[in-house]
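Let's take a friendly walk through a protein model, helix by helix. Have a look at the picture first, and then read on.

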Amino acid sequence: CHNLGLTFRQLADWPHAEDAVSEAVRHAALVGERSLLALVIAGRAELELERGEYEMARQALARSAELAHAAGDGIGAAEVGRLRALLALRVGDYPGAAREAEAARAEAERLGSALLQAECAAAAARAWRALGHAEEAEARRAEAERLFRSLGAVRLLEDLAASWR
């Protein structure tokens, strides 16, 4: 259900995305596994972020962070940081976006999650660019591109290139 929610979100099919995310949260709550619940609630937050429901996204991220912390889930916590960075970018809090993205990027790198590291680097690049820090922005953009390329993440490479134009 979580993966279906991601797919529907990428298609901007909000009703189906909402249904899938709700079902993922329901199933995770039944299982009672904190890191799984943190993951699917982060998925809900990302859906809310995409729909422009920033306060709802913020609340879901707070809950996801609590669960990830309680479960000792560093990847889950870094994912929350990535989403907080994206939220900060959306609302124009570029210093906050840079701070969240850099912390999440460092944690993803430490834990060996190349995809999450790349996604965080891309968010950091956008934040540094908005702050007028061209050198930092280009370093993070190049890092994201290198990692996306090494993973064969074509769509994410295209998204990065489009956001950089």
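## Helix 4 and helix 5

The crossing of helix 4 and helix 5 is left-handed. Keep in mind that this is a predicted model. Helix 4 covers residues 54-71, and its axis comes within 9 Å of the axis of helix 5, with a crossing angle of roughly 160 degrees. Angles over 145 degrees count as roughly antiparallel, so helix 4 and helix 5 are roughly antiparallel to each other.

Which residues of helix 4 and helix 5 meet? On the helix 4 side you will find Tyr54, Arg58, Leu61, Ala62, Ser64, Ala65 and Ala68. Their partners in helix 5 are Gly76, Ala77, Val80, Leu83, Arg84, Leu87, Arg90 and Val91. Sorted by class, this contact has ten nonpolar, two polar and three charged residues.

## Helix 5 and helix 6

Helix 5 (residues 74-91) also packs against helix 6 (residues 94-111), at an angle of about 155 degrees and with the axes 8 Å apart. Helix 5 and helix 6 are therefore roughly antiparallel, and their crossing is left-handed.

From helix 5, the residues in this contact include Gly74, Ile75, Ala78 and Gly81. From helix 6, they include Tyr94, Gly96, Ala97 and Glu100. The contact of helix 5 with helix 6 is made up of eleven nonpolar, three polar and four charged residues.

## Helix 2 and helix 3

Now move towards the start of the chain. The axes of helix 2 (residues 14-31) and helix 3 come within 9 Å, crossing at roughly 160 degrees. That makes the two helices roughly antiparallel, and the crossing of helix 2 and helix 3 is left-handed.

## The largest pocket

How many residues line the largest pocket? There are 35, and Glu46, Arg82, Leu86, Glu119 and Leu156 lie nearest its centre. The elements that give two or more residues to the lining are helix 1 (2-10), helix 3 (34-50), helix 5, helix 7 (114-130) and helix 9 (154-164).

The volume of the largest pocket is about 1,100 Å³. Its lining divides into 16 nonpolar, eight polar and eleven charged residues.

Methods. Residues are numbered from 1 along each chain as its sequence is written. This is a predicted model: local features need pLDDT of at least 70, side-chain atom pairs count only at pLDDT 80 or more; totals for chains, interfaces and linings use all residues. Side-chain values use heavy atoms; hydrogens and water are left out. Axes are lines fitted to C-alpha atoms, for helices over the stretch in contact, and angles run from 0 to 180 degrees between N-to-C directions. Helices (H or I, at least four residues) and strands (E, at least two) are DSSP runs, numbered from the N terminus. Angles under 35 degrees count as roughly parallel, over 145 as roughly antiparallel, 65 to 115 as roughly perpendicular and the rest as oblique. A crossing is left-handed if the near helix is turned anticlockwise from the far one by less than a right angle, and right-handed if clockwise. Contact means heavy atoms within 4.5 Å. Ala, Val, Leu, Ile, Met, Phe, Trp, Tyr, Cys and Pro count as nonpolar, Asp, Glu, Lys and Arg as charged, and the others, Gly among them, as polar. On a 1 Å grid over the protein atoms alone, a cavity is a set of points where a 1.4 Å probe fits but cannot get out, and a pocket is an open set with protein on both sides within 12 Å along at least five of seven lines; lining residues have an atom within 4 Å of a point. Grid points are joined across faces, edges and corners, and a volume is the space filled by probe spheres set on the points.
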